[in-house]
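Morning, everyone. I have one structure to walk through today. Please have a look at it before I start.

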Amino acid sequence: MTKISEIEAYILGKEVTSAQWASLMVLVKVTTSDGRVGWGETVSALRAEAVANFVKKINTVLKGSDVFNVEKNKLEWYKHDFNMTISLESTTAYSAVDIASWDVIGKELGAPLYKLLGGKTRDKILVYANGWYQNCVRPEDFADKAKEVVKKGYKALKFDPFGQYFNDISKRGLDMAEERVKAVREVVGDNVDILIEHHGRFNANSAIMIAKRLEKYNPLFMEEPVHPEDMEGLKKYRANTSLRIALGERIINKHQALHFMKEGLVDFLQADLYRIGGVTETKKVVGIAEAFDVLMAFHNAQGPILNAATLQFDAFIPNFLIQESFYDWFPSWKRELIYDGTPVDNGYAIIPERPGLGVEVNEKMLESLKVKGEEYFNPEEPVWVVKGTWKDY
Ligand SMILES: O=C(O)[C@H](O)[C@@H](O)[C@H](O)[C@H](O)CO
Ligand SMILES: [Mg+2]
């Protein structure tokens with residue numbers, strides 16, 4: 001038995017770089033009775049302290065449990081937290097603990113996670129770039145930056161062209177979005193995929209008008225076209241458009257994922273390991289998705305630990321579409337925090353081969369990165385947008 005002796009959370013951050021949400025991380029450390037350390041990561045923007053507090057409570061419940069018993073440990077926490085399956089704070093905290101547990105398990109068994117989960121179905125991971133369009137406002141700004149992304153070797157890129165529109169979009173908003181998308185399509189050519197991020201901000205009628213405008217630019221998918229809770233709106237969107245739908249970054253358990261799939265409302269599932277319940281729940285979700293012919297395009301907008309854990313899944317899943325990557329647009333401290341990088345080379349991420357998640361944290365950096373005081377908040381620009389893009393021109 002490998003007992004959990006301590007679970008700790010660290011809220012880390014430095015300056016705000018490519019995006020407010022990406023400037024913070026909650027790092028979770030699981031230490032075992034034999035001195036083994038496993039790492040997990042989570043954060044939910046505007047909730048870092050609440051999530052770190054949940055980690056403390058999980059520690060009091062799981063201290064002394066066998067780290068290998070991930071299913072039992074989850075049931076144990078669920079038993080205590082009546083609201084777990086409806087609480088983002090609780091599931092994000094638990095997800096990080098689960099990820100760290102699997103890191104320990106891999107290290108104990110001397111194998112990278114993908115070898116424990118299903119082996120290698122591919123040798124390198126096709127990724128798409130996100131975070132690259134910081135401060136892009138005019139169509140030319142998007143075109144110039146997109147050109148650089150393609151020059152780096154990326155085969156696909158995602159962006160949100162909707163500026164400050166929220167809920168409704170006007171003719172001006174539609175024109176602006178179209179000009180931005182057109183500029184990017186012209187500069188990247190037909191062989192690079194364009195992915196359109198809506199950030200779940202529109203009502204169905206606006207989202208349908210957007211789809212009709214942007215269809216000619218042949219996007220690979222439309223992401224979260226309507227508000228995430230608006231099932232009826234999504235059905236209307238489905239019935240009135242022909243573009244493929246990606247969503248799932250906000251779902252927090254397999255039952256929610258199942259609901260979208262059963263209703264036929266998602267083509268590409270963007271579950272995120274840090275919200276859906278860690279490795280243990282994600283492996284179930286990918287199986288359900290496979291049965292519905294839904295391909296995975298994991299959400300991956302946080303830091304280096306989650307990036308490594310996500311790549312472990314991409315290595316083995318049979319139903320893989322593409323992987324989101326912020327790696328080249330991470331704040332630099334996130335790349336420096338781990339010893340073993342997972343760089344993107346010519347549009348593909350490499351699979352981490354070391355035991356566990358495959359990356360090790362430089363603990364010497366933790367002290368200087370600890371966030372003191374309140375989480376940064378900017379009332380001028382919502383936390384979920386890429387920095388400097390909440391604008392018209
Ligand atoms: O698809 C994505 O990468 C996400 O939508 C991010 O862009 C979010 O803004 C962020 O995760 C909010 O916390
Ligand atoms: Mg998104």
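So, first question: does H6 pass H7 in a right-handed or a left-handed crossing? The crossing of H6 past H7 is right-handed. Before I go on, remember that this is a predicted model.

Let me stay with that pair. Helix H6 covers residues 171–188, and helix H7 covers residues 204–214. Their axes are 10 Å apart, and the packing angle is about 35°. Which residues make the contact? From H6, we have Leu174, Ala177, Glu178 and Val181. From H7, we have Met209, Ile210, Arg213 and Leu214. By class, this contact has six nonpolar residues, two charged and no polar ones.

Now H7 itself. Its buried residues are Ala204, Ser206, Ala207, Ile208, Ile210, Ala211 and Leu214. What do the buried residues of H7 pack against? They pack against H6, but also against strand E6 (193–197), strand E7 (221–223) and helix H8 (231–240). Two of the buried residues, Ile210 and Leu214, also belong to the contact with H6. A general point on helices: with 3.6 residues a turn, residues three or four places apart point the same way.

Next, another helix pair. Helix H2 is residues 70–80, and helix H3 is residues 88–109. Their axes come within 11 Å and cross at roughly 160°. H2 and H3 are therefore roughly antiparallel to each other. H2 passes H3 in a right-handed crossing. On the H2 side, Val70, Lys74 and Trp77 take part. They meet Tyr94, Asp98, Ser101 and Trp102 in H3. By class, that contact has four nonpolar residues, one polar and two charged.

On to the ligand. Which residues surround ligand 1? The shell is Trp21, Ala45, Asn130, Glu197, His199, Glu249, His299, Ala301, Glu324 and Trp384. These divide into four nonpolar, three polar and three charged.

Last stop, Thr121. Where is it found? Thr121 sits in the loop between helix H4 (113–117) and strand E4 (124–129). Thr121 counts as partly exposed, because it has 13 C-beta neighbours inside 10 Å. Leaving out residues up to four places away in sequence, Thr121 touches Ala315, Phe316, Ile317 and Pro318.

Conventions:
Residues are numbered from 1 along each chain as its sequence is written. Chains are lettered from A and ligands numbered from 1 in the order in which they are written. This is a predicted model: local features need pLDDT of at least 70, side-chain atom pairs count only at pLDDT 80 or more; totals for chains, interfaces and linings use all residues. Axes are lines fitted to C-alpha atoms, for helices over the stretch in contact, and angles run from 0 to 180 degrees between N-to-C directions. Helices (H or I, at least four residues) and strands (E, at least two) are DSSP runs, numbered from the N terminus. Angles under 35 degrees count as roughly parallel, over 145 as roughly antiparallel, 65 to 115 as roughly perpendicular and the rest as oblique. A crossing is left-handed if the near helix is turned anticlockwise from the far one by less than a right angle, and right-handed if clockwise. Two residues are in contact if their C-beta atoms, placed from the backbone, lie within 7 Å. Ala, Val, Leu, Ile, Met, Phe, Trp, Tyr, Cys and Pro count as nonpolar, Asp, Glu, Lys and Arg as charged, and the others, Gly among them, as polar. A residue is buried if 20 or more other C-beta atoms lie within 10 Å of its own, exposed if 12 or fewer, and partly exposed in between; C-beta atoms are placed from the backbone. A residue is near a molecule or strand if its C-beta atom, placed from the backbone, lies within 6 Å of it.
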